[in-house]
Amino acid sequence: MPGIEFFGEEERREVMDVLETGVMFRYNHDAERKGHWKARDFEKSVADFVGAKYAHAVSNGSAAVVCALAACGVGYNDEVIVPPFTFIATVEAVLWLGAIPVFAEIDETLNLSPEGIKACITPKTKAVLLVQMCGAMAKMDEIVKVCQDNNVMLIEDTAQALGASYKGKSAGLWGRMGCYSFDFFKITTCGEGGVLVTNDEQLYKNADVFSDHGHDHIGNNRGMEKHPALGINFRIGEFNAAVGLAQMRKIKQFIEIQRKNKATLVNTLSKFPFIQFREMTDEAGDSATFLSFFMPDEAAARLAVEEFKAQNLDSYAYWFDNNYHYIKNWDHLISLTSVNPMPIHHQEKPQDWSKIRSYIPKTDNLISRLISLQVKVGWTDEQLTERCQKLSNAFEAVAKKLSVTA
Ligand SMILES: *Cc1c(COP(=O)(O)O)cnc(C)c1O
């Protein structure tokens, strides 16, 4: 999580610009704002970095996903194929629009598999909401083809994938729209913020209108704007955008250091033949926020976690037990517990979520064996060396125990 690792003077300077004028609102007030357009500049910085024609900033990454689905025309009773390994925001966005999430299998890339997607397509399928999970890309050529062949839209939840690409093309540009998050835990942060990217002008306009009560943002006469469509308020504020702008100036450097640090960790783990690294469709395009790998089975993964604890190693995730990222532990989704009535309570779901693991046996097996190590940017050489030593110690202990049980 480098965004919060490197936070200081640059961010302060950008925020001070906003404080100087007091124009915290992203639109209009042209005369008072003294040329400061933080949301616009932030959008441009993301568009330039990603290589997108258009970028639109909103209040957070979850709002970006809702906005992207809405802008693409996804709504009530549409089926949307989603991964069961993601942050639950992906699923919430679909539910919130009255659409129906359908969970498909992932593969060793940790992302939806082309076969998994294909198996879930029905006449009601409107879109695939592909998450580029843990900062690296899915099997894009095959997935684009499955979507095209079946006349289904591809939309990317790229919340975790700023800096990731496949064959030189950034995450977020493979389908109609991509959705980046800049929350407190992402690679660059605004505190709270999200950015949609697209090469389609109409979708960009749809998102812009939808995220601000339908206002068309033409002219500088607030109150007299036209309303091409209904919307809601998902606006980003100038303070958040100012922080994001400062952070985006550092993104290339963050990615470079992460890749270097990840390579050092890979080098350490490569000595252990029982470790199977996550499949990379394009190694050079990994944003390298995590180093993920599979152990031979669940018991071995749990053993590794025990040995990490014995070594006092921090900053790793065993997602199978994690309440945030895998459907097995989303009790509130499975029981559909909500504070208000939702469309999904009255809709026919193609899957019985109380038996969800039986629909996704391959995913369940993969996640039971999966461990991810966070890659940080702020590590000193000594800290990284110490980390590699602890990992070596832990896996040597695991190797010994595995050979006894073998
Ligand atoms: C973080 C995240 C989101 C939501 O972003 P917020 O800015 O926290 O709302 C959505 N999808 C995925 C995969 C995420 O990791």
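Which of the 15 residues around the ligand come nearest? They are Gly61, Ser62, Ser181, Asp183 and Lys186, where a residue belongs to the surroundings of a molecule if one of its heavy atoms lies within 4 Å of it. The model is a predicted one, in which local features need pLDDT of at least 70 and side-chain atom pairs count only at pLDDT 80 or more, while totals for chains, interfaces and linings use all residues. Residues are numbered from 1 along each chain as its sequence is written, and side-chain values use heavy atoms, with hydrogens and water left out.

The shell around the ligand is made up of four nonpolar, eight polar and three charged residues; here Ala, Val, Leu, Ile, Met, Phe, Trp, Tyr, Cys and Pro count as nonpolar, Asp, Glu, Lys and Arg as charged, and the others, Gly among them, as polar. At least two residues of this shell come from each of the helices α4 (61-71) and α5 (89-96), helices being DSSP runs of H or I with at least four residues and strands runs of E with at least two, both numbered from the N terminus.

In the model, Lys186 sits in the loop between β8 (178-181) and β9 (194-198). Lys186 counts as buried because its relative accessible area is 14%, the term buried meaning under 20%, exposed over 50% and partly exposed in between, with a 1.4 Å probe and protein chains only. Leaving aside its neighbours within four places in sequence, Lys186 is in contact (heavy atoms within 4.5 Å) with Gly3, Ala159, Gln160 and Ser181.

Two threonines come next. Thr109 is found in the loop between β3 (100-103) and α6 (114-120) and counts as buried because its relative accessibility is 0%. The side chain of Thr109 makes a polar contact of 2.5 Å with the side chain of Asp107; a polar contact is a pair of N or O atoms within 3.5 Å, of which, within protein, one must be able to donate a hydrogen and the other to accept it, and residues adjacent in sequence count only if both atoms are side-chain atoms. Beyond its neighbours within four places in sequence, Thr109 touches Met137, Ala138, Lys139, Arg278, Glu279 and Thr281.

Thr363 lies in helix α14 (residues 361-369) and counts as buried because its relative accessibility is 0%. The side chain of Thr363 reaches the backbone nitrogen of Ile106 at 2.9 Å, and Ile106 is also among the contacts of Thr363 outside the four neighbouring places in sequence, together with Pro84, Ala104, Glu105 and Tyr326. Helix α9 (residues 238-248) is mostly covered, with nine of its 11 residues buried, including Glu238, Val243, Leu245 and Gln247.

Gly168, in the loop between β6 (165-166) and β7 (169-170), counts as exposed because its relative accessibility is 67%, and its C-alpha atom is separated by 9.0 Å from that of Asp282, 114 residues apart along the chain. Asp331, in helix α12 (residues 331-334), counts as exposed because its relative accessibility is 54%.

Lys34 has a positive phi of about 50 degrees although it is not a glycine; Lys34 lies in the loop between α2 (9-21) and α3 (38-50) and counts as exposed because its relative accessibility is 54%. Phi of Cys134 is likewise positive, near 50 degrees, in a residue other than glycine; Cys134 has its place in the loop between β4 (125-131) and α7 (140-149) and counts as buried because its relative accessibility is 0%.
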